[in-house]
Amino acid sequence: MISNERFAGIRAFVQAVEAGSFSRAAQQLGMSPSSVGKAVARLERRLATRLFHRTTRSLSLTDEGLVFHESCLRALRELEQAEAGLAERRAQPTGRLRIAMPVLLGRDWVMPQLLQLAGDYPALSIEAQFSNRAVDFAEEGCDLAVRIGLLEDSAHLAARQLGVQRLVLCAAPAYLARHGVPATPGELVQHACIGTLREGGLEAWQFQDGHGKPYGVPVAARLRLGHLEAVAQAALAGHGLAQLPRWLVADALADGRLHAVLDDYAGPGLPLYAAWPATRAMTARLRLVIDTLRANVPPSLQAAQAATGLA
C-alpha cells in the first residue's frame, strides 16, 4: 500500500509540473517551497531517477520525468473515476434492501410503493419480510423496518415518523339501524361487540376522555377473532361494532358500508415509523425508500401535525 509520504511526493511532483515551479506549487498546495522541493527530492531518491532539470529560473521534465508524469496522471484519473463511481453508486439506488413490515399494512400500503420502485430502479433489489413483531436488526440483517407504536429500542435506532395509525369504532348501517348508535363508551355493554384476539387475549378498546387522557374499555365479545381482516368482514356483515385501524376500513367508511361512531372519544393513535440501525450508513437505496414512504402517506395515516420522529 502506498504510504502518505510517497503519495505526498507524487502530489508535489504533479503539482510542480502543472505550476511550472516549486514556489507556485507550494502556494497551491499550502506548503512551503522547501517542503515541496524536499518531497520531490525524496521521490527521486526512491525512484533512483532525476525527474526535473532544475535551474535558478526554470523547471523542466527529464525524459524519465515525462514518462512518470504521464503515468501519474493516468493513476490520478483512475482515482478520480473511482471516487466518482462511488459517489454515483451512493447517489443511485443499487444493491439489496431488506425491509420488515407489519403484515396487513405492509401488504396494502408499503408493498405497492416498493413494487413501483423496483420497476423504476432495475439495479435495486428488495427483500421484504412480513411480521407483526419487532424485528431484530442485528440478528436478521434487516436494513429498514416499518413499525407501529413507540420504539422501545430507540437508543439503537434512527427513525423518521411516517404517520399515525388511528383506531375507529365502526359498524354497518344495518346494525346501527337495528340497535342504535352508542352515545358514550359506557353504552357499549348494550351492544354486540366484535373483539380482536392478540396473543391469546382479547384486546381492550382504546378511547380518551374529555381531557385527552387515554383509557381502555374491556368488551364482552361473542365474536372473538384473531385477524383484523376477519374483524372487518364481521363488521361489514352487520354482526356488531368493531374497533379497527382507520386505514384498513377507509374505503368502507368513505363509501358508506361502515359508519364511524364515538369519534369524539377516539384516542390519539400510535405513531408509524420507518426505523433503521443508528450505526448504519444512509445509502441511496435506504434514503429512496424512506423518502418514498414519507411522500405517499395516505390521508388515513397522516398525522395531524408534521413530525420528524427520532434522529
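This is a predicted model: local features need pLDDT of at least 70, side-chain atom pairs count only at pLDDT 80 or more; totals for chains, interfaces and linings use all residues.
The largest cavity holds about 40 Å³ of space.

Who lines the largest cavity? The residues are Glu5, Arg6, Gly9, Ala39, Arg42, Leu43 and Arg46. Sorted by class, that lining comes out as four charged residues, two nonpolar and one polar. Two helices, α1 and α3 (33–47), each put in at least two of the lining residues, and α3 has the largest share, with four.

## How α1 meets α2

Helix α1 covers residues 4–19 and helix α2 covers residues 22–29. What is the angle between these two helices as they pack? They sit at about 115 degrees, and their axes are 8 Å apart. The crossing of α1 past α2 is right-handed.

On the α1 side, the contact uses Arg11, Ala12, Gln15, Ala16 and Ala19. Facing them from α2 are Phe22, Arg24, Ala25, Gln28 and Leu29. By class, the contact of α1 with α2 has six nonpolar residues, plus two polar and two charged ones.

## Three domains

The chain splits into domain 1 (4–89), domain 2 (92–163 + 277–301) and domain 3 (167–265). Note that domain 2 is written as two stretches, 92–163 and 277–301.

Taken over C-alpha atoms, the centres of domain 2 and domain 3 are 30 Å from each other. Their contact draws on six residues of domain 2 and seven residues of domain 3.

## The largest pocket

Now for the open space. The largest pocket has a volume of about 1,300 Å³. Its lining takes in 49 residues, and the ones closest to the centre are Ile148, Gln165, Arg198, Glu203 and Leu270. Of the elements, β5 gives the most, with four residues.

What kinds of residue make up that lining? It has 29 nonpolar residues, 11 polar and nine charged. And why does the largest pocket lie between domain 2 and domain 3? Because domain 2 (92–163 + 277–301) and domain 3 (167–265) both give residues to its lining.

Technical notes. Residues are numbered from 1 along each chain as its sequence is written. Side-chain values use heavy atoms; hydrogens and water are left out. On a 1 Å grid over the protein atoms alone, a cavity is a set of points where a 1.4 Å probe fits but cannot get out, and a pocket is an open set with protein on both sides within 12 Å along at least five of seven lines; lining residues have an atom within 4 Å of a point. Grid points are joined across faces, edges and corners, and a volume is the space filled by probe spheres set on the points. Ala, Val, Leu, Ile, Met, Phe, Trp, Tyr, Cys and Pro count as nonpolar, Asp, Glu, Lys and Arg as charged, and the others, Gly among them, as polar. Domain bounds come from an automatic or database domain assignment. Axes are lines fitted to C-alpha atoms, for helices over the stretch in contact, and angles run from 0 to 180 degrees between N-to-C directions. A crossing is left-handed if the near helix is turned anticlockwise from the far one by less than a right angle, and right-handed if clockwise. Contact means heavy atoms within 4.5 Å.
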